[in-house]
Amino acid sequence: MAKLTTHALDTYSGKPAKGMKVDVYFISGKREKIKSTVLNNDGRPEAHLVEVIKIGNYELIFQVGDYFKNIVELQNPTFLNEVSIKFGVSNLKENYHVPLLVSPWGYSTYRGS
């Protein structure tokens, strides 16, 4: 059974993004919120993002603006407020790990293992 997981690394501080909020959506014509979670000390959710993954399109929204307001003094509005990562799941025999590397001014992602 496929799993959907994530983690976030704060490249500004060089640490996991402890306390960052992440919202998970499934998109099939309409956008359906599946879950909201807060990342733990390791920058990961405590449980899988989706209990039963299915083929289709997903979106992860990382609340980076709120996270960095607690770490560094930023101008208002912040340069990055939310980071949205939209991706597709096409194979239920594979796991989908979607990490975020983020600073207050930039980010990157990739499909991990």
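Analyst: Helices (H or I, at least four residues) and strands (E, at least two) are DSSP runs, numbered from the N terminus. This is a predicted model, in which local features need pLDDT of at least 70 and side-chain atom pairs count only at pLDDT 80 or more, while totals for chains, interfaces and linings use all residues. Residues are numbered from 1 along each chain as its sequence is written, and side-chain values use heavy atoms, with hydrogens and water left out.

The protein has 1 helix and 10 strands, and from the N terminus on the order is β-β-β-β-β-β-α-β-β-β-β.

The part to look at is strand 4, residues 21–28. Two strands are said to pair if DSSP finds at least two bridges between them. Strand 4 runs antiparallel to strand 5 (residues 30–38), and 8 bridges join the two; Lys 21, for example, has Val 38 of strand 5 as its bridge partner. These two strands form a hairpin with 1 residue between them, and there Gly 29 takes a positive phi near 85°. Strand 4 is also joined by 6 bridges to strand 6 (residues 56–62), again in an antiparallel arrangement, and in this pairing Ile 27 stands opposite Asn 57. In a regular strand the side chains alternate between the two faces of the sheet.

For the chain as a whole, buried residues (under 20% relative accessible area, with a 1.4 Å probe and protein chains only) make up 42% of the 113 residues. Among contacts (heavy atoms within 4.5 Å) with a separation of 6 or more, 60% come from residues 24 or more positions apart.

Key
Buried means under 20% relative accessible area, exposed over 50%, partly exposed in between (1.4 Å probe, protein chains only).
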